[in-house]
Amino acid sequence: MKKTFYLTTTLPYVNADPHIGFAMEIIRGDVIARYKRYLGYEVFFNTGTDEHGQKLFEAAKEAGIDTQKYVDQNAIKFIDLMQSLNISNDTFIRTTEERHIKSALAIWNKCKENGFIYKKNYAVKYCVGCELEKQDSELNENGRCELHPNRDLEIREEENYFFAFSKFESELTNYYENNPNFVVPDFRFNEIKSFVKNGLQDFSISRLKSKMNWGIPVPGDEEHVMYVWFDALTNYISTLGWGSGDESNFEKFWLQKDNERREVVQYCGKDNLRQQSAIWQAMLMAAGIPNSTNIIIDGFITGEGGVKMSKSLGNAIDPLDIINEYGVDALRYFLLKEVSSFEDSPFTIERFKESYNSGLVNGLGNLTSRILTMSSNYGVTLSEEDLKMRYYTDPVPELEGFDICKHMNNIWVNISNLNKFIQEQEPFKKIKINKEEAEKDVHYLLYHLFGIALALEPMMPETSLKIQELIKENKKPEEPLFPRKD
């Protein structure tokens, strides 16, 4: 029986077109999913769209169309993005689907039965951009949310249902202590441990239907709909069928099997740290469901001046624009190699072009052309045994630690070393005076180029397969793998 591996990204709101930050998250998830498959795991890779909440209700109202029609139109853009980015996801969950709604109702009922949901009156500062209540410590000097400084906070006073988050301080702390690699990287783990240690507050998990009706109805109370985060977080198990009738995938990919290590991994941005590693984990505890095993936290992609790139600030870059001009693997390359695995990193078109030309045109593309030109001209080929080479047969420390950027840099060191070998050994000159030695050099280069192509499969699958086929056919590229861009 194969080992199992479950991986999910967060679900983006569909109130705007997909942006480069989500493209980065979904590509990184795809790399890890492909890598685990190469190691022989049975993988379930989930992504999808978050389609409830006030932001979407307001956006549909502004567009003058029915909210369901609005989310249907926008969800298609994210579904199409999966294909454009060459993502190998196993499912795509929409939170307006019946299978998800059944699970959301089930987890509400389970948490309520266990005594963790109650009703009370309250007043709170609320950021519609985050769809989160805000403490004064989370606001900037102008009294606005730091992530959405262009939006005024709302003061909400109403009767809502609450989740007893405060009851999970010790249980979360114990889980963190017993799982020292739960949040990656460790400095983000320290942040959430500090957040929990400073005390947890119960939070509202419903909204009055009379004020905002776009949500899943609260079981047994027609006056309320579920708060978007409580609803949306459930997607990580609704996609596996939990609470909706057929739980075979949930049992296979989420529950512990014999003595094997359970691997339930969630990717998210640093603005989701609290929701994924504390709120969601407390919800799982409240419902009696095993917790996630790893939460991987990305940094932000920033624009000019280090400002977060986001839809709400109007400085987002459309990943499809990059793909249409440079190709999907060029975008994957930049987001995996030039963007830090865990820290904030800048993305400008100038920086992208510079990296494209240096790393892909002059680096991998030029190396491939030089080696295959020599091998085809000199009749040097790889043997059937050589072509049986496999790269991901054993765990790779960098990928086990989700540091894809470091792994990519290691591959480019090998690319640089092969270019250096050509410069120093000059097989293109040696062929005239020592044919046997030149052919040996070219075989060495061809063999290691094949290894590089195999190593690139999870990160740049199209390019990897293209190079592999050229080597097997012993043909030089008819056109550059990566055309130069000025």
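Which residue in β11 is the bridge partner of Val218? It's Asp221, and the views below show what surrounds this pair.

This is a predicted model, where local features need pLDDT of at least 70, side-chain atom pairs count only at pLDDT 80 or more, and totals for chains, interfaces and linings use all residues. Residues are numbered from 1 along each chain as its sequence is written, and side-chain values use heavy atoms, leaving out hydrogens and water.

**View 1. An open sheet of three strands runs in the order β9-β11-β10.** Strands here are DSSP runs of E with at least two residues, and helices are runs of H or I with at least four, numbered from the N terminus. The pairing is antiparallel; two strands pair if DSSP finds at least two bridges between them. β9 (206–208) and β10 (217–218) sit at the edges, each pairing on one side only. Helix α4 (residues 98–113) packs on this sheet and touches β9, β10 and β11 (contact means heavy atoms within 4.5 Å).

**View 2. Helix α4 meets helix α10 (residues 273–287).** On the α4 side, the contact is made by Ile107, Lys110 and Cys111. From α10 come Trp280, Met283, Ala286 and Ala287.

**View 3. Asp136 lies in the loop between β5 (132–133) and β6 (154–163).** Is Asp136 buried or exposed? Asp136 counts as exposed because its relative accessibility is 54% (buried is under 20% relative accessible area, exposed over 50%, partly exposed in between, with a 1.4 Å probe and protein chains only). Its C-alpha atom is separated by 8.6 Å from that of Lys125, 11 residues apart along the chain.

Notes: Axes fitted to C-alpha atoms, helices over the stretch in contact; angles between N-to-C directions.
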